[in-house]
Amino acid sequence: MKFYRISRALLSCTVVLAFTLPVHGDTLAPLVQPGADPGLTAFIAKIRAVDNHSHANSTVRGDPDYDALPLDGVPIEMPAQLRLENPDWIAAYKALYQYPYDDMSEAHMRVLRGAMQDVAREQREDFPTWVLNQVGTEVLLANRIAMGPGLMSPRFRWVSYADALLLPLSTKAEAAVTPDREILYPLEDKLLRHYLSDLKIATLPATLDAYLESVVTPTLEAQRKAGCVAIKFEAAYLRSLAFAEADADTAKRIYAQFIAAGEPSHAEYKTLQDFLFRYIAREAGRLGMAVHIHSFEGFGPYYDVAGADPMLLEPVFNDPALRNTRFVIVHGGGMYATEAGAMTWKPNVYVDFSLMTVVYPPARIAGILRQWLTLYPEKVLFGSDAIGMGPDIGWEVTAWVAASTARKALALALTEMMQAGEVSRARAEEIATMVLRTNAGTLYSLGLE
Ligand SMILES: [Zn+2]
């Protein structure tokens, strides 16, 4: 996920809110969602979670590595749940920082910032771990360019970015397609240069075979060695998710011709990217890393929603050569949640509901979970997409909101399933534990107790 940072102008608006206080000092205190079974809600509140997707910050000031495609500069109109009127922000302030107010007046926000600075000062490099303890997460997957201070295994696990490896040729013509892509493609060019410099390679090789052998595979192997459990594609921001089967000889010709000079046509570049995507996915499988793929209806005013449909990935999921690779449809397809759920019929496809946990209210997520959980409950993963959205909404605040929304949604979905006689109470508890914890533990071999 990406967020356009909430501007100071927005944050200075005074919003008066009525809200139920969670119990201070017990940030996991269950907030019973209307319609949810209180006993099940209390059970779910105690589960130590594995978070499949986030952009946790290191303790480095300014932390430049938290996202390959931060959407700074892409003018995004925030959906309703991400606006300051959402009472969840104040609930998070109360739970994390004992914020005593029910509004965001400038004077009260100064008190909040003081409390935030106190905790940061006390915790120092332990701040990220403190956050996990506050939100009830045992292990958090951090989707970052690189890990950093404070983000240590086993509590934090790395998910790297792979899109840059799809783009060895000039991206000038691709970037010109939309104003959003004009901002995003140069960031991928920069990341590819970063990968090359890690390998101490000054210029890209002349042939595709040499590129695969000396750049793509060594980069993936180095990431695995550094503890990466998965690689992530944000391709939906850059192109459609329709990664067709591509002829190797054609891909080789395109690479060799345009690595030297010139701009490939869109069709030529797509063929090369399609070839590289499947090569990378195969290598990830060989190395034991899962492949995460962004699929959601946002963000960006020129974002191609139709191109983010997870059904477009079906030929990839059906490729026998990729059956050793485990794919996770990250953000569960968003509006395409039904389609994402349909893809879990494939033996190697999983879904997470990250980002939904900050963009959708619990009742909407509960409906989605109910669909998925009646198909393959062992393939559904909790995720937050926790990310810093500005000085007053750090990643810990979105992490708290997402964790609380996820637990409410899960309690609601499982209560409805119990009431309909679809699952017993014992099975509901089992499924809740699987979704919040053990499914991811198994998928990434986390060795949880
Ligand atoms: Zn994300």
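This is a predicted model: local features need pLDDT of at least 70, side-chain atom pairs count only at pLDDT 80 or more; totals for chains, interfaces and linings use all residues.
The protein contains 16 helices and 8 strands. Its radius of gyration is 22 Å, in agreement with the value near 22 Å for a compact globule of 449 residues. The C-alpha trace spans about 65 × 50 × 35 Å along the principal axes. Of the 449 residues, 49% are buried. Among contacts between residues at least 6 apart in sequence, 76% join residues at least 24 apart.

Helix 14 comprises 12 residues (362-373) and reaches 16 Å from its first C-alpha to its last, close to the 16 Å expected. Its buried residues are Pro 362, Ile 365, Ala 366, Ile 368, Leu 369, Trp 372 and Leu 373. These residues lie on the same side of helix 14, because they cover an arc of only 165° around the axis. In an α-helix, residues three or four places apart point the same way, so such spacing follows from 3.6 residues a turn. The buried residues of helix 14 pack against helices 12, 13, 15 and 16, and against strands 7 and 8.

Most peptide bonds are trans, and most residues other than glycine have a negative phi. A cis peptide bond, with omega of about 10°, joins Ser 153 and Pro 154; Pro 154 is in the loop between strand 2 and strand 3. Another joins Gly 298 and Phe 299, with omega of about 10°, and Phe 299 is in the loop between strand 5 and helix 11. Positive phi occurs at Lys 200, near 60°, and at Leu 355, about 70°. Lys 200, in the loop between helix 7 and helix 8, is exposed, with 6 other C-beta atoms within 10 Å. Leu 355, in the loop between strand 7 and helix 13, is buried, with 28 other C-beta atoms within 10 Å.

Notes: Residues are numbered from 1 along each chain as its sequence is written. Helices (H or I, at least four residues) and strands (E, at least two) are DSSP runs, numbered from the N terminus. The expected span of a helix is 1.5 Å times one less than its number of residues. A residue is buried if 20 or more other C-beta atoms lie within 10 Å of its own, exposed if 12 or fewer, and partly exposed in between; C-beta atoms are placed from the backbone. The arc is that of the directions from the helix axis to the C-beta atoms. Two residues are in contact if their C-beta atoms, placed from the backbone, lie within 7 Å. The radius of gyration is taken over C-alpha atoms; the globule rule is 2.2 Å times the number of residues to the power 0.38.
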